[in-house]
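Please find below a set of numbered points on the model, written for a colleague who has the coordinates open alongside. They take up a hairpin and its neighbours, then the aromatic contacts, and lastly the pockets.

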Amino acid sequence: MVTHWVCYQSDKPFVPNEDKFGFVYLITNTKNNKGYVGCKQYYSMTKKKTKHKWEIYTGSSKYLNKDIEKIGKEHFKFEVIAEYKNKRSLRYYEMYYQVKWNVLTATVEGSDKRAYYNSYVGGKFFPPIELYQDPEYKKMMRKKVYDNPKVADKKRKSALKREENIEYKKKMRKNNYDNLEVKKKQSEKNLGEKNSSALGPHKLTFKDGRLIIVPNLARWAMDSNKYDWAQLFHLKKGYKIQDGKKIRILKCKDIIKVEKVND
C-alpha cells in the first residue's frame, strides 16, 4: 500500500518492520514549519491482535488535523523517526523527542508563535522498573493516616460497630461463609498449585504413635471432614500468629507432628 509516510530526514518511502510494535513520527506543516511529534502503534493487543490503520494516520492533534483539512495533506510532511519493539519503549521515546525538541515551549524564530502543535508530552506514563517514593511524602502520609489518633479511633469505632451489628454479621455470613460457591472457590484457591503451601506429600504423627503419609495435606484434611488444614499447617510450622503474638502449636486434635516429605 502507498502511504504518505517517509523516513526521517529523507524522502525514501517508509517500509515498516513487522516485528516492531510502532513508530515515533514528526509531522511538519511545510507552509509555516510548525511540527507535531507523536507515536503510532501498528496494532492493539486486547483479547485479539487488532491492526491499526497507520498507513492513513495523520496524527492525534485536533489542531493539526484541522489545518490538514483546511490547506490539504499535500502541504504536510509525514516522517517516521524510528520504530520500537514494545509499548514501553514507544511511549518513552515519544516523550524523549517531545522533550528534546521542547514541543511545549519552542517558538518560531523571530516570533512568539508556537513551533509545535503538541498540547502535552508523553501520551501515557508507565511505572519505572525501580519504584521510588519521596521520604518526606511517606513521613507526611504516616503522620496523616497511620499515626493519626483520630483516624485510628475512627477505624476502631467502625470495626466495633460492625462487630456489634447482628444484621451485618448475618449478611456477611450469608454472602461468604454460608455461600457454597464462595466456599468452593476458596477451597480451590487453597488447593491451587501456586497458592497453597500445604501441597505435596506430608507425614503425620498421631498421639498413639501411628504414622501416615498423605499425598496432599490440604486435600486430606478437607476430605476427612475432621481436620482443619490451616491448623495442620500451623502445626507444621510450630506456631501461629494471633493478635500480633507468636503462639506455639503442639498438636491438632490427635495429631502431634506434621512434616513435609521431599518429592
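1. In this predicted model, strands β7 and β8 form a hairpin in which four residues lie between the two strands, and Gly 209, within that turn, has a positive phi of about 100°.

2. Within it, His 202 has Lys 260 of β11 as its bridge partner. Is strand β7 (residues 202-206) largely enclosed or largely open, and why? Four of its five residues are buried, so β7 is largely enclosed by the rest of the structure.

3. The structure holds 19 aromatic pairs, and among them is the one formed by Tyr 8 and Trp 101, which is tilted, with 6.1 Å from centre to centre and 35° between the planes. Tyr 8 belongs to the loop between β1 (5-7) and β2 (22-29), whereas Trp 101 belongs to the loop between α2 (87-100) and α3 (135-146), so the contact ties together parts that are 93 residues apart in sequence. As for accessibility, Tyr 8 counts as partly exposed because its relative value is 29%, while Trp 101, at 18%, counts as buried.

4. A further pair is that of Tyr 25 and Tyr 36, whose ring centres are 6.1 Å apart and whose planes meet at 35°, so that this pair too is tilted. It links distant parts of the chain, since Tyr 25 lies in strand β2 and Tyr 36 in strand β3 (residues 35-41), 11 residues apart. Both Tyr 25 and Tyr 36 are buried, and both are members of one aromatic cluster that also takes in Trp 5, Phe 14, Phe 23, Tyr 42, Trp 54, Tyr 57 and Phe 78.

5. Lys 40 lies over the face of Tyr 57, at 4.3 Å from the ring centre, and Tyr 57 is itself a member of the aromatic cluster. The charged end of Lys 34 sits over the ring of Tyr 117, at 4.7 Å from the centre of that ring.

6. Strand β5 (residues 49-51) gives the most to the lining, with three residues. Divided by class, the lining of this pocket comprises seven nonpolar, three polar and five charged residues.

7. In the second largest pocket there is about 220 Å³ of space, and of the 18 residues lining it, Tyr 36, Ser 60, Ser 61, Glu 94 and Tyr 120 are the closest to its centre. Elements β3, α1 (62-71) and α2 each supply at least two residues of this lining, the largest share, three residues, coming from α2. The lining of the second largest pocket divides into eight nonpolar, seven polar and three charged residues. Tyr 36, one of the residues closest to the centre of this pocket, is also the buried partner of Tyr 25 described above.

Definitions and conventions:
Residues numbered from 1 in each chain as written. Predicted model: local features only at pLDDT ≥ 70, side-chain atom pairs only at ≥ 80, totals over all residues. Heavy atoms only, no water. Phe/Tyr/Trp six-rings, centres within 6.5 Å; stacked < 30°, edge-to-face > 60°. Buried < 20%, exposed > 50% of the residue type's maximum accessible area, 1.4 Å probe, protein only. Lys NZ or Arg CZ within 6 Å of the ring centre and 35° of its normal. Nonpolar A, V, L, I, M, F, W, Y, C, P; charged D, E, K, R; others polar. 1 Å grid on protein atoms, 1.4 Å probe; cavity = no way out; pocket = protein on both sides within 12 Å on 5 of 7 lines; lining within 4 Å. Points joined across faces, edges and corners; volume = space filled by probe spheres on them. Pairing = 2+ DSSP bridges.
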